Number of protein chains: 4
Amino acid sequence: MTSRTARLLITCPDKPGIVSAVSSFLYNHGANITDLDQHASAPEGGTYFMRLEFQTPHLDMSRQLLAQTFEERVARHYNMDWRISYADDVKKMAILVSKVDHALMELLWRWSSGALPCEITTVISNHDALAEAVGRFGVPFHVVPVNKDNKVEAEAKIQALLQGNDLVVLARYMQILSGDFVTGWPHRIINIHHSFLPAFVGANPYQQAYDKGVKLIGATAHYVTADLDQGPIIEQGVERVSHRESVETLRELGQNVERNVLARAVRWHLEDRVIVHGNKTIVFA
Amino acid sequence: MTSRTARLLITCPDKPGIVSAVSSFLYNHGANITDLDQHASAPEGGTYFMRLEFQTPHLDMSRQLLAQTFEERVARHYNMDWRISYADDVKKMAILVSKVDHALMELLWRWSSGALPCEITTVISNHDALAEAVGRFGVPFHVVPVNKDNKVEAEAKIQALLQGNDLVVLARYMQILSGDFVTGWPHRIINIHHSFLPAFVGANPYQQAYDKGVKLIGATAHYVTADLDQGPIIEQGVERVSHRESVETLRELGQNVERNVLARAVRWHLEDRVIVHGNKTIVFA
Amino acid sequence: MTSRTARLLITCPDKPGIVSAVSSFLYNHGANITDLDQHASAPEGGTYFMRLEFQTPHLDMSRQLLAQTFEERVARHYNMDWRISYADDVKKMAILVSKVDHALMELLWRWSSGALPCEITTVISNHDALAEAVGRFGVPFHVVPVNKDNKVEAEAKIQALLQGNDLVVLARYMQILSGDFVTGWPHRIINIHHSFLPAFVGANPYQQAYDKGVKLIGATAHYVTADLDQGPIIEQGVERVSHRESVETLRELGQNVERNVLARAVRWHLEDRVIVHGNKTIVFA
Amino acid sequence: MTSRTARLLITCPDKPGIVSAVSSFLYNHGANITDLDQHASAPEGGTYFMRLEFQTPHLDMSRQLLAQTFEERVARHYNMDWRISYADDVKKMAILVSKVDHALMELLWRWSSGALPCEITTVISNHDALAEAVGRFGVPFHVVPVNKDNKVEAEAKIQALLQGNDLVVLARYMQILSGDFVTGWPHRIINIHHSFLPAFVGANPYQQAYDKGVKLIGATAHYVTADLDQGPIIEQGVERVSHRESVETLRELGQNVERNVLARAVRWHLEDRVIVHGNKTIVFA
């Protein structure tokens with residue numbers, strides 16, 4: 001991937017001829033396809049998904065005109081839901097966090113080492129515990145306290161701080177966002193849940209896992225919807241455990257899974273590798 | 001492990017001195033401890049679990065007297081729940097199965113190659129589809145058809161066929177056994193459930209996993225209790241999947257997980273490595 | 001995949017326009033592309049690899065003419081190395097084995113359950129130990145004893161028995177095939193080596209792994225070349241082990257890895273998912 | 001584990017009666033055994049290894065006297081190689097690093113969150129690139145440049161800085177330490193090698209892995225001996241890769257494996273869970 005890379009994501013009813021139409025259009029306008037992945041939800045009559053990466057230095061028209069022409073010549077004909085994004089149009093990302101720092105630190109560390117293609121614009125927390133740790137990375141840190149009585153105002157403040165961002169990551173943010181808040185950011189809020197969903201929805205999943213006596217613990221990165229812990233799953237991971245673990249050591253082992261699962265999901269989102277379809281994701285990883 | 005190996009399993013309130021008392025008792029009666037594992041459920045005041053393997057050629061008393069003396073000199077003092085088993089007292093195992101053969105075949109194959117220390121006495125199915133496959137291994141095969149109207153009689157027939165067995169394995173037996181049946185075999189029926197429990201309890205878990213869009217599928221081996229799919233978990237495993245899988249390919253991938261998870265759980269049970277405590281297991285693997 | 005599925009595999013110098021040219025050609029001749037995967041070995045100026053699955057019921061010409069036309073209109077222009085295979089042209093597969101049965105049994109079991117799209121024509125062994133086990137699956141079994149003195153004759157006999165097969169699988173065949181033999185089956189002999197290559201080349205890898213004290217053991221499926229254990233790797237897998245394992249239990253644990261790794265590699269080969277390039281493989285799995 | 005925890009590690013010829021002798025000794029002197037693990041290298045006549053954790057608040061003698069008495073009453077009789085360590089006797093650890101930061105950062109982060117029971121006394125590097133990053137954690141950072149001409153002096157400077165430490169961790173330190181240096185720290189230097197040893201010994205293992213076309217990459221934490229990359233292995237891990245990876249992305253994926261493998265190995269060492277025997281380790285994890 002270079003700064004000249006663009007990505008085209010397509011969802012449409014499956015029909016013969018799509019690959020030919022799309023690839024010929026791009027080729028004829030000077031775009032060099034360097035990656036292509038596709039998926040059909042059924043052998044026939046299903047939904048078709050496509051992701052192309054192409055290089056733009058020899059495009060024969062502006063980005064705006066390319067979009068318009070693609071819509072008229074190709075997309076309309078196949079009834080496509082589509083978008084093009086350009087790697088040099090760097091996504092802006094905000095992170096919400098409470099007190100535990102592992103998920104946040106993993107994102108900041110990967111970002112500072114160049115592994116997350118985005119700008120981290122701000123970190124918002126309902127506590128001030130992580131102010132210094134965030135400050136070291138040169139990222140603005142805001143405290144927005146939340147309690148039973150100020151939830152509406154608090155969310156309004158957070159919304160104001162989030163303006164202009166493309167993605168919001170909940171890196172163990174222990175507050176439940178309201179339905180109104182969430183619906184304003186469709187498929188643009190990623191949460192890390194500290195269990196292998198759909199097992200152990202809700203609060204304190206490590207305690208639930210301990211009580212159940214499972215032999216593997218997991219973590220799930222998913223888009224947030226108004227339905228708690230039920231949004232489209234992007235990525236999951238697990239780690240073996242035994243009867244020897246306490247709730248505390250489960251939590252500690254689980255943190256490593258959470259860190260890796262969240263970092264992969266965020267990266268895939270930033271690289272436009274995720275298409276949401278109904279309550280499921282297509283991940284062209 | 002040899003034919004002279006014995007195993008002692010202990011559950012008792014945790015107190016200082018247990019290791020010393022048990023190991024000294026065995027040593028003083030000519031038993032050579034060759035493996036020892038233990039677990040305490042809490043740093044203090046919890047429950048204590050212990051598994052010892054010892055060699056018996058130089059025992060200074062009969063097995064019966066050893067048991068009686070251990071009870072009087074050690075177990076009573078510590079309020080122990082305990083049992084000794086001898087490797088030359090080969091466990092008898094029966095398998096219940098419906099039509100799909102992968103879990104059954106895995107057990108038969110491992111058993112025939114010497115990896116499962118037991119006698120497989122009988123295979124019982126509600127269909128005759130697998131008669132020939134079982135016959136090749138020289139194991140008696142019985143068909144007991146089950147329908148809505150004959151469930152009580154069918155279970156009675158199965159019970160009769162199971163007499164004398166130490167362990168019953170449900171290797172994808174698609175019938176739900178009655179509570180009466182199940183309570184007669186406490187911690188002696190092992191089931192393989194084709195999901196990562198507690199996710200996807202009940203029927204058709206691969207369809208449920210497909211609908212949910214999970215990125216890992218799993219299998220769970222557990223003891224059967226009267227509460228469907230809720231018994232103590234012995235072992236679990238998972239396999240990565242993606243949006244590309246259909247319900248059918250999920251099932252196929254899942255079969256490999258099921259085979260391995262069930263085979264490990266059965267082996268651990270046969271080697272007296274599993275202690276049930278409440279609704280959880282301690283597995284000294 | 002149905003009996004009307006065809007697969008096109010392409011290797012050629014990377015250039016703009018390939019996807020467009022290939023997909024338009026197929027579309028224009030009535031082939032419906034249902035799967036497409038591609039890879040470029042470098043961002044620019046590398047080698048390009050492509051695999052397409054397409055459905056053939058509406059082809060507007062014969063298979064022979066399609067091949068000829070594709071060569072003239074597309075392949076020649078891009079200097080392609082290519083082949084088309086049809087799912088209804090079922091591949092013939094032979095298996096060579098010595099005495100241990102796990103890899104062979106796994107292939108036979110998966111094949112009998114429909115998971116390996118091929119015809120298993122024959123099993124050849126240098127021992128008669130597995131005659132009965134193979135016979136149960138209705139597959140012809142041949143014994144060709146091998147010793148120091150008869151190696152040339154033995155290989156000639158094996159060659160005669162292999163005539164007409166598309167693929168030869170060494171499912172733990174403990175003889176080293178001669179360079180002459182091997183070069184006659186380029187990328188058409190798959191071996192399962194019982195280590196994580198390139199670690200532990202040669203004889204008795206589990207003993208080597210034990211002596212080294214590794215914490216993971218592995219297995220490697222690879223195409224056989226004249227260079228022992230050095231051919232292109234198709235698939236690998238590992239399993240955690242600890243200091244508790246003996247050479248014997250390493251072998252037992254390793255067998256499960258071998259079975260799964262070999263079965264995946266064979267399936268991918270049969271589904272035309274593997275392209276060999278130099279001493280490496282591209283696997284469109 | 002609490003500040004009152006002690007650990008006893010034993011290696012000796014295997015004989016009946018060891019568990020009884022050791023556990024009775026501890027019990028009789030007021031030590032409460034809370035964890036016990038053991039291993040025998042062979043069913044009979046092998047080497048015996050044991051690790052006990054015990055709680056010390058009710059010891060009936062001083063630590064010094066306990067050691068002396070244990071030697072006289074138990075250890076001598078069984079020809080034991082043994083040591084006791086106390087959790088409140090916090091180990092001092094130094095880290096050597098070059099320019100890449102992921103392994104170092106992982107250790108600092110886990111240490112600062114309380115997951116590594118040690119004091120990190122100093123970080124030494126042959127470059128100044130990581131001075132600021134280390135400074136944030138409040139750990140002294142020293143630059144000791146190394147080149148062909150000053151190797152002896154440089155090692156002398158490093159030795160001086162390391163005085164008083166219990167453990168040295170090479171967190172991707174790209175210099176080869178001399179045999180003299182290494183033999184002064186027997187089983188007290190841990191290195192993270194960025195391959196699945198014994199595959200890809202020496203320089204640039206990700207390039208080697210790329211050239212070989214392996215389907216899994218790995219990392220190995222081992223004690224350093226005078227023999228390059230050949231010391232006793234403590235822990236290993238792997239990650240799946242495909243033909244799509246470049247050397248660069250292999251390196252990036254590998255870093256996550258390195259971080260986790262090294263962190264586990266260091267923790268086990270700090271908790272006295274590792275016994276070296278010949279060129280192998282017993283890890284009571």
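Analyst: The model is a predicted one. Side chains of opposite charge can pair when their charged atoms come close. Over all chains, the count comes to 80 salt bridges.

In chain D, the side chains of Arg172(D) and Glu258(D) meet in a salt bridge, at 2.8 Å from N to O. This pair links distant parts of the chain, 86 residues apart: Arg172(D) belongs to the loop between strand E8 (167–170) and helix H6 (179–183), whereas Glu258(D) belongs to helix H8 (residues 247–270). Arg172(D) is buried, with a relative accessible area of 7%, and Glu258(D) is buried with a value of 0%.

In chain C, Glu271(C) forms a salt bridge with Arg273(C), with the closest N and O atoms 2.7 Å apart. Both Glu271(C) and Arg273(C) are buried. Another pair in chain C is Arg136(C) and Glu132(C), whose closest N and O atoms are 3.4 Å apart. Here Arg136(C) is partly exposed, at 29% relative accessible area, and Glu132(C) is exposed, at 59%.

Salt bridges also form a network that links Arg51(A), Glu53(A), Arg267(A), Glu271(A), Arg273(A) and Glu252(D).

As for the arrangement of chains C and D, a rotation of 180° with 0.0 Å of shift along its axis superposes chain C on chain D, with an RMSD of 0.0 Å. The two copies are thus related as by a two-fold rotation axis. Ala199(C) is the residue of chain C that comes closest to the rotation axis, its C-alpha lying at 2.3 Å. Because 100% of the interface residues of chain C are also interface residues in chain D, the copies meet through the same surface.

Definitions and conventions
Residues are numbered from 1 along each chain as its sequence is written. Chains are lettered from A and ligands numbered from 1 in the order in which they are written. This is a predicted model: local features need pLDDT of at least 70, side-chain atom pairs count only at pLDDT 80 or more; totals for chains, interfaces and linings use all residues. Side-chain values use heavy atoms; hydrogens and water are left out. Copies are superposed by least squares on the C-alpha atoms of residues with pLDDT of at least 70 in both. Contact means heavy atoms within 4.5 Å. A salt bridge is a side-chain nitrogen of Lys or Arg within 4 Å of a carboxyl oxygen of Asp or Glu. Buried means under 20% relative accessible area, exposed over 50%, partly exposed in between (1.4 Å probe, protein chains only). Helices (H or I, at least four residues) and strands (E, at least two) are DSSP runs, numbered from the N terminus.
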